[in-house]
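Here are some notes to read alongside the model, written as numbered points.

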Amino acid sequence: MACNVAVNKRRVLSHLHLLLLLSSFLLVAKFGVVSGLNYTKHKQVSSLRLERIQKHLQKINKPAVITIETPDGDIIDCVHKRKQPALDHPLLKNHKIQRVPSEMPKVKRLKQDEARASRSNEAVVEGAWQMWHRNGTLCPKGTVPIRRSSMNDVLRAKSLFHFGKKQRRIIGPDRRADVPDVVSGNGHEHAIAYTGTSQEVYGAKATINVWDPSIQEVNEFSLSQIWILSGSFDGPDLNSIETGWQVSPELYGDSRPRLFTYWTADSYQATGCYNLLCAGFVQTNSRIAIGAAISPISQYAGNQFDITILIWKDPKLGNWWMGFGDNTLVGYWPAELFTHLADHATMVEWGGEVVNSRANGHHTSTQMGSGHFAEDGFGKSSYFRNLELVDADNTLSSVHDISTLAENTNFSLL
């Protein structure tokens, strides 16, 4: 098994953008493994557990103004924005929803040749949107779209506590002090680019092409995302804000790539969750459903479809906002949720993550990105492009000094 990350640093200097090619583990038949997954097989469930799950579902599935059935089988509930799960958080009891950020990040003026190069790169791809828009029904003004969770969604999880949560990262004793927190003993493996820890960071941006990688086991996943980090990497206080696209049969019951968010304020122990599966993230947009399938997706040697993600800290109120696509505001993580990120971030990571469960005693065949090696190039490999950081002046600028890390010993860097 192998994974490549290609980072063209010369492009960073000459075009003020970075193309990170992430390719995955050894290619398997595109749908052979995925179609063999059993999404609904559960052990016998006690009536007491079913009762607890039902109570939890009633808590997170809020009453809908209208309900939309999607072409891919999801149910989207249009929930009044003041009734969304975020406001159940004890730290947000008196929270007033921020309608819009006080200020969008400013864009640093590009040199003429750099701007031209950036535009020419963007002309070869198209933006991806969401599958639930296809039937033409949208949530009314004043509501937010929330993907409804089902009994089967919870039963696929290890337990009710683990539903909608990442496993806690286990840091190995040989972890170097100057590398990010990705070395874990729970099967999570990464291929990333990352900033140093010496600078104060107030946001990050990237454009990521979307694929549908094959997943070997139901409890494995594959994702491409941005991490905004602060706190102790080897302690209990790591703060993380994360968003990107993800294929997770366990979480969603299928193998479609989906827009996702995640947050934690205590190193993935008790706080935080995916999407809107717990109180925390405040959604403000009525057209973007977090956790919904992304469509269309990139095709091998064909059209490339990507999503642009922007996360930044509001310079006045301190909330961490999320933008999607062409500056579409999705919502924000309130500053009250965090300790270290209440001030600023100390590291940003861009890259891929998979779960390697070693179900048959061998490394998983679950793919990262497109499932093809980086040297296959554009249109065949996964990429991150136009990597940018937000500084203390709320200004976006392209990254220049970054490092790369491929976690598995069989990974290689180009």
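1. A word on terms to begin with: contact means heavy atoms within 4.5 Å. This is a predicted model, in which local features need pLDDT of at least 70 and side-chain atom pairs count only at pLDDT 80 or more, while totals for chains, interfaces and linings use all residues. Residues are numbered from 1 along each chain as its sequence is written, and side-chain values use heavy atoms, with hydrogens and water left out.

2. Now the overall picture. The protein has 6 helices and 23 strands; these are DSSP runs numbered from the N terminus, helices being H or I of at least four residues and strands E of at least two. Of its 414 residues, 58% are buried (buried is under 20% relative accessible area, exposed over 50%, partly exposed in between, with a 1.4 Å probe and protein chains only). Among contacts with a separation of 6 or more, 75% join residues 24 or more positions apart.

3. The largest nonpolar core holds 74 residues, and Ile 228, Ile 307, Trp 320, Trp 333, Phe 338 and Trp 350 have the most contacts inside it. Such a core is a set of buried Ala, Val, Leu, Ile, Met, Phe, Trp, Tyr and Cys residues joined through side-chain atoms within 4.5 Å. Strand 11 (residues 222-230) gives the most to this core, with 5 residues. Another core, of 11 residues, lies apart from it and includes Ala 86, Leu 310, Trp 312 and Leu 396.

4. Trp 333 deserves a look of its own. Setting aside neighbours within four places in sequence, its contacts include Trp 263, Phe 281, Trp 320, Trp 321 and Phe 338.

5. How many cavities of 30 Å³ or more does a search of the whole structure find? There are 3, a cavity being a set of points on a 1 Å grid over the protein atoms alone where a 1.4 Å probe fits but cannot get out, with lining residues having an atom within 4 Å of a point. Of its 14 lining residues, Arg 147, Ser 149, Asn 275, Leu 276 and Leu 277 are the closest to the centre. Strand 8 (143-147) and helix 6 (249-252) each give two or more residues to that lining.

6. Ser 149, in the loop between strand 8 and helix 5 (151-155), counts as buried because its relative accessibility is 5%. Beyond four places in sequence, Ser 149 is in contact with Leu 57, Ile 60, Asn 61, Phe 163 and Leu 277. Asn 275 sits in the loop between strand 13 (258-264) and strand 14 (282-283) and has a positive phi, near 55 degrees; at 6% relative accessibility, Asn 275 is buried too.

7. Some further backbone details to check. Most residues other than glycine have a negative phi, and most peptide bonds are trans. Arg 358 has a positive phi of about 50 degrees and is partly exposed, at 44% relative accessible area. The peptide bond from Ser 295 to Pro 296 is cis, with omega near 0 degrees.

8. Finally, is Asp 314 buried or exposed? Asp 314 is buried, at 1% relative accessibility, in the loop between strand 16 (304-313) and strand 17 (320-324). Its C-alpha atom is 9.7 Å from that of Val 100, 214 residues apart along the chain. Contacts of Asp 314 outside its sequence neighbours within four places include Gln 98, Pro 101, Ser 102 and Glu 103.

Note on methods. 1 Å grid on protein atoms, 1.4 Å probe; cavity = no way out; pocket = protein on both sides within 12 Å on 5 of 7 lines; lining within 4 Å. Points joined across faces, edges and corners; volume = space filled by probe spheres on them.
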